[in-house]
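Modeller: Welcome! Let us explore this model together, one question at a time.

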Amino acid sequence: MGDDSFIPGSVCWIDVSSADPAGTRAFYAGLFGWTYDIDPDRAYYTTALLDGRPVAGLAGFPVPSALTATWTMYLASANVDYIAGVLDERAGQVSSGPTEVPGQGSVLIGADPTGASVGFWQPARPWRFHTLEPGSLVWAELRTRDGASADEFFATLFGYRQTQIGDGHGEDYTVWSLGEQTILGRLRIGPDWPPDIPAHWMLHFAVDPQSGTDAAVNRVVELGGRVDVYPYTTELGRIALVTDPSGAPFALIDPATRLQPTTDSARVDDPYAD
């Protein structure tokens, strides 16, 4: 990830939906220090900025609405029509698109064969997307009960090199890479997880290491959000799972606070295990 990640298969954008756009803006401004570029011609969509650099989009939807507030991740694609065809062939689902976005290319939103929603963007031109700093996206992982199918499907789409960093059984976690760059992770949902959790992408936002994940969790509660899983430390960093006031879940992570590996394979903690 970086400011200009447009290699096919890389994360090129994220956005969050909300029935209360003003409240959502206030929440993330208070949590991450985001400011906003509000275009009066696109009042339903706002670009979030961190130190003047774009980090996310905020989309509103009508009230009342059957839509659920959620974060959506978009993967850069050379051809979204091809992606739509593969979704059809591989028992995925096309939810919307491909749709032309003037000046920005074509966008498709669908679900992979394991049921996780994800966006695909065929950019018409490069744009800035800032990641890796506190207050911005630092990691994203697919959480699914069918890890093998997810690995195969996304390797077909983008040619990811996939490496198992758990034991492949009790701890089934693969990282997906393009060349020397690690792009994404995939975690198999284990038997200790609540049975109603569907396949989904979990977006991880970095916190300021000087204050840490625990302080960020307290701030989420002060701002009207909810804590779903309190902070736990892994070899990826100290992580907490939270939900914003509109109902969109996401993760907080302090990558500077990590467990030291005890074996050649990383241990991936199950947040729902005792």
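**Salt bridges, helices and loops**

Biologist: Are Arg186 and Asp151 buried or exposed?
Modeller: Relative accessible area sets the class: buried is under 20%, exposed is over 50% and partly exposed is in between (1.4 Å probe, protein chains only). Arg186 and Asp151 are both buried.

Biologist: Before we go on, what kind of model is this?
Modeller: Residues are numbered from 1 along each chain as its sequence is written, and side-chain values use heavy atoms, leaving out hydrogens and water. Local features need pLDDT of at least 70, side-chain atom pairs count only at pLDDT 80 or more, and totals for chains, interfaces and linings use all residues, since the model is predicted.

Biologist: What is the N to O distance where the side chains of Arg186 and Asp151 meet?
Modeller: Side chains of opposite charge can pair when their charged atoms come close. We call it a salt bridge when a side-chain nitrogen of Lys or Arg is within 4 Å of a carboxyl oxygen of Asp or Glu. For Arg186 and Asp151, the salt bridge has an N to O distance of 2.8 Å.

Biologist: How many residues apart in sequence are the parts that this pair ties together?
Modeller: Arg186 sits in strand β12 (residues 181–188), and Asp151 in helix α3 (residues 147–158). Such labels are DSSP runs numbered from the N terminus: helices are H or I with at least four residues, strands are E with at least two. Because of where its two members lie, the pair ties together parts that are separated in sequence by 35 residues.

Biologist: How many salt bridges are there in the whole structure?
Modeller: Another example joins Glu141 to Arg143, with the closest N and O atoms 2.7 Å apart, and both of these residues are buried. Searching the whole structure gives a total of seven.

Biologist: Which strand holds the Arg238 end of the pair with Asp214?
Modeller: The side chains of Asp214 and Arg238 meet in a salt bridge of 2.7 Å, N to O. This pair links distant parts of the chain, 24 residues apart: Asp214 is in helix α4 (residues 212–222), while Arg238 (residues 238–243) is in strand β15.

Biologist: Which residue's backbone oxygen does the side chain of Thr213 reach?
Modeller: Thr213 is in helix α4 and is buried, with a relative accessible area of 2%. Contact means heavy atoms within 4.5 Å, and beyond its neighbours within four places in sequence, Thr213 is in contact with residues including Val207, Pro231 and Leu252. At 2.8 Å, its side chain reaches the backbone oxygen of Arg238.

Biologist: At roughly what angle do helices α2 and α3 cross?
Modeller: Two packed helices are described by the angle between their axes and the distance between the axes. Axes are lines fitted to C-alpha atoms, for helices over the stretch in contact, with angles from 0 to 180 degrees between N-to-C directions. The axes of α2 (residues 80–89) and α3 come within 11 Å, and they cross at roughly 150 degrees.

Biologist: How is α2 oriented relative to α3?
Modeller: Angles under 35 degrees count as roughly parallel, over 145 as roughly antiparallel, 65 to 115 as roughly perpendicular and the rest as oblique. The crossing angle therefore makes α2 and α3 roughly antiparallel.

Biologist: Which residues of α3 make the contact with α2?
Modeller: From α2, the contact uses Tyr82, Ile83, Val86 and Leu87. From α3, the contact is made by Phe153, Thr156, Leu157 and Phe158.

Biologist: Which residues in α4 meet α1?
Modeller: The axes of α1 and α4 come within 10 Å and cross at roughly 155 degrees, so α1 and α4 are roughly antiparallel to each other. On the α1 side are Phe27, Gly30 and Leu31; in α4 they meet Ala216, Arg219 and Val220.

Biologist: What is the phi of Asp51, about how many degrees?
Modeller: Asp51 is in the loop between β3 (45–50) and β4 (53–60), and with 69% relative accessibility it counts as exposed. Although Asp51 is not a glycine, its phi is positive, at about 55 degrees.

Technical notes: Polar contact = N/O pair within 3.5 Å; in protein donor to acceptor, adjacent residues only side chain to side chain.
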